[in-house]
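Here is a short report on one protein model. Look at the structure first, then read on.

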Amino acid sequence: MKVKGLRWFIIGLIFLATVINYIDRSALAIMWGSSDQPDSISGSLDLTKSDYGLILNIFMVFYALGQLFSGKLFDKVGTRIGYVISIGVWGLSSFLHSTVRGLVGLTIFRSTLGLSEAGNWPGGVKSNAEWFPIKERAFAQGLFNAGASIGSVIAPPFIATLFVAYGWRTTFMVIGSFGLLWIIPWLLVNKSGPKTHPWITKEEQKHIIEGQSKADQEATSETKGLSLKQILSHKESWAIVMGRFFLEPIWWLFVGWMPLYLADVYGFDVKEVGMFAWVPYVGAALGSIAGGLFSGKIITKTNSIDKGRKYTILIGGIIMFLGLVATVLFGDSPERFVAIVFFVLFGFQFAIGNVQTLPSDLFSGKSVGSLAGLAGMVGVFSVILMNFLVPIIQEKFSYTPIFVAIAAAVPLGLGAIYYFAKEIKSVE
């Protein structure tokens, strides 16, 4: 049996995994509630906001460590088995949230959830490097990243509906099962890489392999990856590490703090937050796809990976920067603020898909996941630092210095990419 466009089935499954990823990670916040709501998680387990803050920080620490660990794991066992391990553990962890009796249980399963969910990103980057020619990788990464935005759009109403009908314990059982069930089609479809897959057509196989770098073409299962020390000895690697450090907090600021901002500044209740907060993620989904298409067209037109990636990252950065400045100058109503954030997240995803694709542009084989995981870990630790500072700054001043700070981070992130990667091409 031959399947036309097999690579799109592969990225489609990874897109679905990303949607599941964001549903699973969002469930705790959506069902947390307050202590005076006996059916909520906090009410039924007698937990406080301080307990929630502790759980959130522990999740982020293990998520950061998971980026590095899973990058090495995927390089060692491959994307097929790497995804089975990653989504298997996070699906089981999500399911087991239904069994907890207090803070300790939640802390344990949020730790394993963060550690395993992190694997989705280095795994996706590595899979795209295997299954897509260079000019299509940013578009594939954009589709993959769009799963995060779509998951953020559908999670609140979906989880809330399950919660109202069945309660939080059953809801965790249902959403945890999604990841475990996902493993079945993944193993059936992703039998091996494009060089040896029995279902791939000769035309698609040729299209993929001839569109990859020479190092990718020559890589085999026996090819050894570089150590992190060897990877970082190439200054181009620092373009990704530092770029992720400065840019990553922009996405997570709005994911983690926008509902609180709407409540604090505009007095929104939970229902009103739900009516507004999903809108910017539509912009993010559009930006993911548009950034991939745009860079692919530039690469095809100029035959230059460097121009395709840098032009796209620059345009996305400009949109982000102007949008963040606009939140301070013009975000004086909830409608304007949400509309501006729509464009901020559009610009972020327009650019970040290409930033995340850079490891596969610079390296091949068993080094791609390692660099992607390291950069992801550094980016998440930057987010942890931001999450520590936001409540302090907000309480002492306002949200304005926070928006100014992350706006200033945009040119620093772009500057790092342009400075360390004079030309984006294979360093091997």
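## The nonpolar cores

This is a predicted model. Its largest nonpolar core has 91 residues. Six of them touch the most other members: Trp182, Ile250, Trp251, Leu253, Phe254 and Phe337. Helix H11, residues 235-266, gives this core its largest share, 14 residues.

Now take Leu253. Set aside its neighbours within four places in sequence. Leu253 is then in contact with Met258, Met386, Val390, Ile402, Phe403 and Ile406.

## A nonpolar patch on the surface

Nonpolar residues also form a patch on the surface. Its members are Val61, Phe62, Leu65, Phe69, Leu115 and Phe381. Together they have about 480 Å² of accessible area. The largest share of the patch, four residues, comes from helix H3, residues 49-96.

Leu115 sits in helix H4, which covers residues 103-117.

Asp306 belongs to helix H14, residues 305-329. Is Asp306 buried or exposed? Its relative accessibility is 15%, so Asp306 counts as buried. The cut-off for buried is under 20%.

Which residues does Asp306 touch, not counting those up to four places away in sequence? They are Lys422, Glu423 and Ile424. The side chain of Asp306 reaches the backbone nitrogen of Ile424 at 2.8 Å.

Terms used: Residues numbered from 1 in each chain as written. Predicted model: local features only at pLDDT ≥ 70, side-chain atom pairs only at ≥ 80, totals over all residues. Heavy atoms only, no water. Core = buried A, V, L, I, M, F, W, Y, C linked by side-chain atoms within 4.5 Å. Buried < 20%, exposed > 50% of the residue type's maximum accessible area, 1.4 Å probe, protein only. Helix = DSSP H or I, 4+ residues; strand = E, 2+ residues; numbered from the N terminus. Contact = heavy atoms within 4.5 Å. Patch = residues over 30% accessible without salt bridge, like charges linked within 9 Å, V, L, I, M, F, W, Y side chains within 5 Å. Areas by Shrake-Rupley, 256 points an atom, 1.4 Å probe, with all protein chains shown as cover. Salt bridge = Lys/Arg side-chain N within 4 Å of Asp/Glu carboxyl O. Polar contact = N/O pair within 3.5 Å; in protein donor to acceptor, adjacent residues only side chain to side chain.
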